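Hello,

Here is the structure I promised to pass on. Please have a look at it first; my notes follow below.

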Amino acid sequence: MKKILFLFIVLSAQQFCLAQASASATVESRATVIDPIQIDKSVDLDFGNVISAYNPGSVILSPDGSRVAYGVEISSSIPGNVAPAEAVVTHGNNNYAITLPTSFSLYHQENPNQILVIDQFTVEALTGENIDVLKIGATLNLEANQPAGYYTNDSGFNVTVSYN
């Protein structure tokens, strides 16, 4: 009887040890699909009319649409079309980053060897719940005695937005 009792205890202990060798749990899973971020241009960047000078100069166009000239002149009587660039960002109330170019060139319409360089881009976001309006300004750099004419670059510059 002692042998049967001993055998029963050994077998019971062995099953107990095997029962502790593994365990499992049920894990739920889920995902949230968000709308892709979107950007649409609504207004092009336009520095308006600038009067060339004997020295190099620049015009700073702020996101609020105000202009300040250094070394060149701007006319209040014939300002031309002056507008910061504007883009609408649809972001679903998610955080995002804005990437602007370091610089961008404009070419004289009749003489593409004559260029103007735009740099020092600035941006102001008018925020909403799911949609923001970006206002973009920059600095227009002129050489001394910059030839008169219409300067443009039809390829445009990229404003990139991406979720953080």
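A word on burial before the residues: buried means under 20% relative accessible area, exposed over 50%, and partly exposed in between, with a 1.4 Å probe and protein chains only. Please keep in mind that this is a predicted model, in which local features need pLDDT of at least 70 and side-chain atom pairs count only at pLDDT 80 or more, while totals for chains, interfaces and linings use all residues. Residues are numbered from 1 along each chain as its sequence is written, and side-chain values use heavy atoms, with hydrogens and water left out.

Salt bridges

Side chains of opposite charge can pair when their charged atoms come close. I count a salt bridge when a side-chain nitrogen of Lys or Arg is within 4 Å of a carboxyl oxygen of Asp or Glu, and the structure holds three. In one of them, lysine 41 meets aspartate 44, with 3.0 Å between the closest N and O atoms. Aspartate 44 is partly exposed at 49%, whereas lysine 41 is exposed at 60%. Glutamate 28 and arginine 30 make another, at 3.1 Å from N to O; glutamate 28 is exposed at 60% and arginine 30 is exposed at 71%.

Lysine 135 and glutamate 86 also pair, their closest N and O atoms being 2.8 Å apart. Lysine 135 is in strand β10 and glutamate 86 in strand β6, so this bridge ties together parts 49 residues apart in sequence. Strands here are DSSP runs (E, at least two residues), numbered from the N terminus. Lysine 135 itself is partly exposed, at 22%.

Aromatic rings

For rings of Phe, Tyr and Trp (its six-membered ring), a pair needs centres within 6.5 Å; planes under 30 degrees apart are stacked, over 60 edge-to-face, and the rest tilted. The whole structure gives two aromatic pairs. Phenylalanine 104 and phenylalanine 157 are edge-to-face, 5.4 Å centre to centre with 65 degrees between the planes. Phenylalanine 104 sits in strand β8 and phenylalanine 157 in the loop between β11 and β12 (160-163), 53 residues apart. Phenylalanine 104 is buried at 12%, and phenylalanine 157 is partly exposed at 22%. Phenylalanine 121 and phenylalanine 157 form the tilted pair, at 4.9 Å and 50 degrees. Phenylalanine 121 belongs to strand β9, so this pair ties that strand to the loop, 36 residues away in sequence. Phenylalanine 121 is buried at 13%.

The largest pocket

On a 1 Å grid over the protein atoms alone, a pocket is an open set of points where a 1.4 Å probe fits, with protein on both sides within 12 Å along at least five of seven lines; lining residues have an atom within 4 Å of a point. Volume is the space filled by probe spheres set on the points, which are joined across faces, edges and corners. The largest pocket comes to about 950 Å³. Its lining has 34 residues, with Leu45, Asp46, Phe47, Leu106 and Tyr151 nearest the centre. Several strands supply at least two lining residues each, including β6 (85-90), β8 (103-108) and β9 (115-126).

Enjoy exploring the model!

How values were computed
Helices (H or I, at least four residues) and strands (E, at least two) are DSSP runs, numbered from the N terminus.
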